[in-house]
Every structure is written in structure tokens, then in C-alpha cells.
Amino acid sequence: MWSQLQWMRTAPTHPNKSLKIVPKERPRSYAPLVEEAGEAIIAKIKKAADLSNENCDCAMKLAHKLSMQLRAAEDRVNQLEAEVELFRHRAVRAEYWLQTIQKEIEEKLITPRSANAIEQTSLPKDAEL
């Protein structure tokens, strides 16, 4: 508005004279704004890349830790399975020995006693005297 007033004051009073126009403020260059915007965008991209790399590193460390735990658990499962197989084998052997012992008891102790008991009951009463 000031430039318009200035123009009016300096306006010629004679129509043949040239007009003297005083330009407004010089327009600001957009180059610094573009540079600032570009630098800000690059800074944000760099920050996003850094955060992404940190997240990836954390994920890799966690994956490695979990992988190690999984391997340890698998090793423990294999160990326990081997122990179970050992105990099954021992149980089968123990069952075999129990059957063998039972058979021996029946053959050596129970059957002879039963035979004696049958003989004693089958003897006549007068044979006892």
C-alpha cells in the first residue's frame, strides 16, 4: 500500500510525462526454502533408516537368542527322550525278572507245598497212627 501512495505522490501531473514506478519489495528467493526442505527430508530419511537399522539389529539379536534357546530345548528334549527309552528298557527288563522270579517261586515253593498238602489230605486217617 505504501508503494501505491508513493506512486500517487510521484505521479505526473502532466499526461505526457512518464510515470515513475517504484517496485515493491524485492521478492524473496525460494532457493533457501527448497534447500531447507530438502535437508529436512534427508534428515528424516536418515533418522528413519537409523531407527530401521536399530530395529533390525534388535530383531536379529532376539532371533539369535530365541534360536539358541530353541536349540537348548531341542537338546534337552532329545536327552529326555533318550532317558525315557532307557527307563522303558529297564522296565521291560524288570518285568522279565519279576516274571522269572514269580515262576521260580511257583515252581520251587508253591507247587511242592501244594503237592504235600494234597498227599496229606489223601492219606487215610488210620495211616497216621
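## Salt bridges

Counting as a salt bridge any side-chain nitrogen of Lys or Arg within 4 Å of a carboxyl oxygen of Asp or Glu, the count for this structure comes to two. The structure is a predicted model, in which local features need pLDDT of at least 70 and side-chain atom pairs count only at pLDDT 80 or more, while totals for chains, interfaces and linings use all residues. Residues are numbered from 1 along each chain as its sequence is written, and side-chain values use heavy atoms, with hydrogens and water left out.

Asp-50 is partly exposed at 35% relative accessibility, whereas Lys-46, at 53%, is exposed (buried means under 20% relative accessible area, exposed over 50%, and partly exposed in between, with a 1.4 Å probe and protein chains only). The other salt bridge is formed by the side chains of Arg-88 and Glu-85, at 4.0 Å from N to O. These two residues are three apart in helix α2, so about one helical turn separates Arg-88 from Glu-85, and Arg-88 is exposed, with a relative accessible area of 53%.

## Helices and overall exposure

The protein has two helices and zero strands, where helices (H or I, at least four residues) and strands (E, at least two) are DSSP runs numbered from the N terminus. Helix α2 covers residues 31–122. Of the 129 residues in the protein, 1% are buried. The protein exposes about 12,700 Å², and carbon and sulfur atoms supply 61% of that area, as computed by the Shrake-Rupley method with a 1.4 Å probe.

## An aromatic pair and a nonpolar patch

The structure holds one aromatic pair. The ring centres of Tyr-96 and Trp-97 are 5.6 Å apart and their planes stand at 75°, so the pair is edge-to-face (rings of Phe, Tyr and Trp, the last by its six-membered ring, pair if their centres lie within 6.5 Å, and planes under 30 degrees apart count as stacked, over 60 as edge-to-face and the rest as tilted). Tyr-96 is partly exposed at 44% relative accessibility, and Trp-97 is partly exposed at 46%.

Tyr-96 and Trp-97 also contribute to a nonpolar surface patch of about 610 Å², together with Ile-101, Ile-105, Leu-109 and Ile-110. Patches are made of residues with over 30% relative accessible area and no salt bridge, like charges being joined within 9 Å and nonpolar side chains (Val, Leu, Ile, Met, Phe, Trp, Tyr) within 5 Å. Ile-105 lies in helix α2 and is partly exposed, with a relative accessible area of 39%.
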